[in-house]
Amino acid sequence: MQILQNVTGAQIPRKLKRASKHQTIMLRIQLSHISKYFYSTAILDKLPILTLYTKKVCPLCDDAKEILKKYDSRFILQEVDITTKQNKDWYKLYRYDIPVFHFNGKFLMKHRVNEQLLDEMLQTYENAMKDP
């Protein structure tokens, strides 16, 4: 979702008024996590962040993590437990869809790991980092 693309601070209240409930939740989540995201990527050797939205008992998430092991040197895996109190907005969005994956803060895939898509995203990112 590109809701924050080209939006200045003054435009955010107008965007919220026109946004759907889903977009409003996504905007609030993006705003609350934006400083953490930039701090993380600046510190950790410019590796992309793959965020896994999960919960404690999730067999599909366990399967996904097993598949991701062969890519683990190419990204930082950030796990978000959607059942915790501070992640209630993520729970509202993804309670029926986990595992859900975001690549550098943008939705990538859900339910199962699409290795071809993940590899394409990683290659695109790595090429962009080589040739700024």
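The model is predicted, so local features need pLDDT of at least 70 and side-chain atom pairs count only at pLDDT 80 or more, while totals for chains, interfaces and linings use all residues. Residues are numbered from 1 along each chain as its sequence is written, and side-chain values use heavy atoms, with hydrogens and water left out.

- Helices (H or I, at least four residues) and strands (E, at least two) are DSSP runs, numbered from the N terminus, and two strands pair if DSSP finds at least two bridges between them.
- Strands of a sheet pair through backbone hydrogen bonds, either parallel or antiparallel.
- E1 and E2 pair in the parallel sense, over 6 bridges.
- Strand E3 (residues 100–103) and E4 run antiparallel and are joined by 4 bridges.

- Buried means under 20% relative accessible area, exposed over 50%, and partly exposed in between (1.4 Å probe, protein chains only).
- In E1, 6 of its 6 residues are buried.
- In a regular strand the side chains alternate between the two faces of the sheet.
- Both faces of E1 are covered, with Ile49, Thr51 and Tyr53 buried on one side and Leu50, Leu52 and Thr54 buried on the other.
- Thr51 belongs to strand E1 (residues 49–54) and counts as buried because its relative accessibility is 5%.
- Thr51 stands opposite Gln78 in E2, and a polar contact of 3.1 Å joins the side chains of these two residues.
- A polar contact is a pair of N or O atoms within 3.5 Å; within protein, one must be able to donate a hydrogen and the other to accept it, and residues adjacent in sequence count only if both atoms are side-chain atoms.
- Beyond its neighbours within four places in sequence, Thr51 is in contact (heavy atoms within 4.5 Å) with Gln78, Val80, Val100, Phe101 and His102.

**Nonpolar cores**

- A nonpolar core is a set of buried Ala, Val, Leu, Ile, Met, Phe, Trp, Tyr and Cys residues joined through side-chain atoms within 4.5 Å.
- The largest core has 14 residues, of which Leu50, Leu68, Phe101, Leu108, Val113 and Leu118 touch the most other members.
- At least two residues of this core come from each of E1, H3, E3, E4 and H5, and the largest share, 3 residues, is from H5.
- Leaving aside neighbours within four places in sequence, Leu68 is in contact with Leu50, Phe75, Leu77, Phe101, Val113 and Leu118.
- A second, separate core of 10 residues includes Tyr53, Cys61, Val80 and Ile98.

**The disulfide**

- The structure holds 1 disulfide, meaning a pair of cysteine sulfur atoms within 2.5 Å.
- Cys58 and Cys61 form this disulfide, with their sulfur atoms 2.1 Å apart.
- The link of Cys58 and Cys61 is right-handed, with 70 degrees about the S-S bond, and both cysteines are buried.

**Backbone details in the loops**

- A cis peptide bond, with omega about 0 degrees, joins Ile98 and Pro99; Pro99 lies in the loop between helix H4 (88–94) and E3.
- The hairpin of E3 and E4 has 2 residues between the strands, and there Asn104 takes a positive phi near 50 degrees.
- Asn104 is buried, with a relative accessible area of 16%.
- His111 lies in the loop between E4 and H5, and its phi is near 75 degrees, a positive value in a residue other than glycine.
- His111 is partly exposed, with a relative accessible area of 33%.
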